Amino acid sequence: MRVVIARYPFDLDKSEVETKMKGVRPEDVTGACVAIGRRLYPVKQVGEVITRQDRRDFSAGEVTRALTRLGFTCHAAPPVAPSEDPAPAPAPPLWTGA
């Protein structure tokens with residue numbers, strides 16, 4: 001599928017992106033991210049790897065649109081992991097009037 005990132009057309013498919021990202025360690029996710037396999041990558045990191053361009057040359061929105069068209073699940077922010085239920089708070093002491 002042809003996608004445009006930073007005014008340059010790229011012919012990519014989902015398996016090609018997965019292959020290029022194989023073995024690439026994900027950076028810390030603080031903003032827009034994409035799930036590739038079982039890992040979450042910042043979209044700017046993926047854009048840099050698949051286009052071989054500097055991250056300053058394209059926006060996160062451009063890469064997000066391209067990856068969504070290719071069938072990847074993108075998030076505007078990292079999904080919040082479900083937290084464990086904290087221990088219930090102790091019951092307040094019973095008031096005994098004096």
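Leaving out its neighbours within four places in sequence, Gly47 is in contact (heavy atoms within 4.5 Å) with Arg52, Phe58 and Val63. This is a predicted model, in which local features need pLDDT of at least 70, side-chain atom pairs count only at pLDDT 80 or more, and totals for chains, interfaces and linings use all residues. Residues are numbered from 1 along each chain as its sequence is written, and side-chain values use heavy atoms, with hydrogens and water left out.

So where does Gly47 sit? Look in helix H2, residues 43-51; helices (H or I, at least four residues) and strands (E, at least two) are DSSP runs, numbered from the N terminus. Gly47 has a relative accessible area of 0%, so it's buried (buried is under 20% relative accessible area, exposed over 50%, partly exposed in between, with a 1.4 Å probe and protein chains only). Ile5 is 42 residues away along the chain, yet the two C-alpha atoms are 8.2 Å apart.

Now hop over to helix H3, residues 60-69, where Glu62, Val63, Ala66 and Leu67 are the buried ones. Seen down the axis of H3, they fall within an arc of 125° (taken from the directions from the helix axis to the C-beta atoms), so they line one face of the helix. Their cover includes strand E1, helix H1, strand E3, H2 and strand E5. The face turned away from that buried side carries exposed Arg65 and Arg69.

Finally, some backbone angles. Most residues other than glycine have a negative phi. Arg52, in the loop between H2 and H3, has a positive phi near 60°, and it's exposed at 74% relative accessible area.
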